[in-house]
Amino acid sequence: KIDASLTRGYPSEYPWSRDTYNAAPLTRRSDVHGGRAAMHTLLLLLTTASAEFLRGATHIQLAGCNADCGRLEVKLQNDDAWRAVTSSNWTRADAYQTCAHLGFDEVASISSPFAAAAARGDRAVLRFDGSVRSCVGGECSMPAVGVACRARGPPTDTAAAMARVDAWAPLRSARLRAALSVSGEGNATLSELTVSVDAIEAARALPFDGADRVAALKAQRRTIEFLERHPRAAAALQRLHARGLLEVTPLGIVLREGTLSHEAELAYAAYLSSDPHGDVHFEFDGRRRLAPAPTSDDAVLALRRDGVARIRDWGVLTDSISRKATRSLHGSRKTLSSTSNGRVATARYADKRLERFFRSINDIASGYLGEAQLSGYKIVRIDTTSANDTESYVAGLWHHDRVGNRLKVFVFLHDVDCDEGHPTEVAVGSHLLNYYRTDAMGASRFDNDYVRQNYEVAKLCGPKGGGFVVDTHTLHRGAVEGSLARTVIVGEYHAVGKCAAMDALGLGLPCPSGDQFLV
């Protein structure tokens, strides 16, 4: 089968428009909806008789990120244009209500990294009473607001996760001291071990603003200072580079199998310690990649080599599963999310047949990620038409998902055409990258020309019932151009403990993804 400030009202439910995949006229219902219990209790105590949240809007959506995250946009009465919402006092209560309107139970982050990106045209302003109207004067220059939402999943053991996280710093210090003590003598050429900030900027897809340049310059200075302070470490990294085991790129560094543990510690200290998320990625993923467990599984071997494995037929798709998946894309707002004016939609619902299937292939995930677990699954439909749709659906840009190595399994609900069918594209081999930054969304989106010039690009298309499994740490994009819609079933896997650690640290990363049915 293998081819190689809580001041506004309480979240309430609203009906969903099947015609647009977007929120229907916002008419209040009496029952209330999810979120974390403690937050809901506090919100209830603070509820006032203020106007209904987002009164004045006829439809709402998130744009500039994905179906579960982005800047908040609304359509106002007698106006068919989408307007980015601005506010001088965007609160977590506002974020909870926005997510509740869109069918989500929880807030992952009260601001989206893409809130202001590509926010064009007229704006709407969120007033203190929670209503919205056209902006006037200086209101129109206030920041666009955003949110990242997620469906509620099983509770995580935060205490255990924090205990694990707290142990990393002393362990890393001890390992670095040991690594420095065994580094041999030698010389190093810093120009071969560093990359210019201009090269980093040229590889980015989104505007490289002043804050980006400052962050890049600080990271570069930290690298150079480490190499100059520890010449024996620099010499060890130079030898690693000469053996082809270390590659320094504008995106990050690559450490290949054969790199010794003390050499990896030196590389981490030199290149990756500026990333606030670096510890999570290196402890869960970076060290494991250098010493993978033996396997004869073709899919696992393909993933380790390329970051993706094609599957000719998953053997799960039936007419009944297909019909239910298709119907779900016209379902209630409690199980359906969308962006790009409905051109990208995701549906989440319980299906024991799908869950059994995804659990049955957990050995692939564990063979690649170490001990792994299924996080959830969803149905995804993309029907964008042009490259310009990347302005509202940034998954159309080359990117990684910022959570390190994780797997997504795709099952095609119909034949997917390689040119017009919105195939996922991947940069083969880029899963080996240790990215310099994963804390900023803009730092995870990369230039199309750079990717195509430096990597072999594979289009993941094929017959109904087939699909692929991909590491979303691999550079990839969902093709936004194409005349044929694509609908797929997607399952998601993470290393055991990773999402709990990220949640305990409050990183606000999509681990797990927010728009799926969580198991």
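Reader: Let me begin with the lining of the largest cavity: how do its residues divide into nonpolar, polar and charged?

Author: Please keep in mind throughout that this is a predicted model. The lining of the largest cavity divides into four nonpolar, seven polar and three charged residues. The cavity holds about 120 Å³ of space, and among its 14 lining residues L272, H281, F282, N434 and Y435 lie nearest its centre.

Reader: Which element gives the most to the lining of the largest cavity?

Author: That is α10, with six residues, while both α10 and β17 (433-435) supply at least two residues each.

Reader: How does the lining of the second largest cavity divide by class?

Author: The lining of the second largest cavity has seven nonpolar residues, with no polar and no charged ones; the residues concerned are I361, I364, A365, L407, V409, V469 and Y493.

Reader: Turning to helices, what describes two packed helices?

Author: The general idea is that a packed pair is described by the angle between the two axes together with the distance between those axes. In this model, α9 and helix α10 (residues 278-290) pack at an angle of about 145°, and their axes are 12 Å apart. The crossing of α9 and α10 is right-handed.

Reader: Which residues make the contact of α9 with α10?

Author: From α9 come A264, E265, Y268 and L272, and from α10 come G278, D279, F282, R287 and L290. By class, this contact of α9 with α10 comprises five nonpolar residues, one polar and three charged.

Reader: At what angle do α4 and α10 pack?

Author: Helix α4 (residues 168-182) packs with α10 at an angle of about 65°, with the axes 11 Å apart, and α4 passes α10 in a left-handed crossing. On the α4 side, W168, R172 and R175 meet D279, V280, F282, E283, F284 and R287 of α10. The contact of α4 with α10 has four nonpolar residues, no polar ones and five charged.

Reader: At roughly what angle do the axes of α8 and α9 cross?

Author: The axes of helix α8 (residues 231-242) and helix α9 (residues 261-272) come within 10 Å and cross at roughly 110°, which means that α8 is roughly perpendicular to α9. Here A233, A236, L237 and L240 of α8 meet E263, L266, A267, A270 and Y271 of α9. The residues of this contact of α8 with α9 are eight nonpolar and one charged, with no polar residue.

Reader: Finally, how many residues line the largest pocket, and which lie nearest its centre?

Author: The largest pocket is lined by 45 residues, with N66, D401, R406, K408 and S513 nearest its centre, and about 760 Å³ of space lies in this pocket. The lining of the largest pocket divides into 20 nonpolar, 13 polar and twelve charged residues.

Notes: Residues are numbered from 1 along each chain as its sequence is written. This is a predicted model: local features need pLDDT of at least 70, side-chain atom pairs count only at pLDDT 80 or more; totals for chains, interfaces and linings use all residues. Side-chain values use heavy atoms; hydrogens and water are left out. Axes are lines fitted to C-alpha atoms, for helices over the stretch in contact, and angles run from 0 to 180 degrees between N-to-C directions. Helices (H or I, at least four residues) and strands (E, at least two) are DSSP runs, numbered from the N terminus. Angles under 35 degrees count as roughly parallel, over 145 as roughly antiparallel, 65 to 115 as roughly perpendicular and the rest as oblique. Contact means heavy atoms within 4.5 Å. Ala, Val, Leu, Ile, Met, Phe, Trp, Tyr, Cys and Pro count as nonpolar, Asp, Glu, Lys and Arg as charged, and the others, Gly among them, as polar. A crossing is left-handed if the near helix is turned anticlockwise from the far one by less than a right angle, and right-handed if clockwise. On a 1 Å grid over the protein atoms alone, a cavity is a set of points where a 1.4 Å probe fits but cannot get out, and a pocket is an open set with protein on both sides within 12 Å along at least five of seven lines; lining residues have an atom within 4 Å of a point. Grid points are joined across faces, edges and corners, and a volume is the space filled by probe spheres set on the points.
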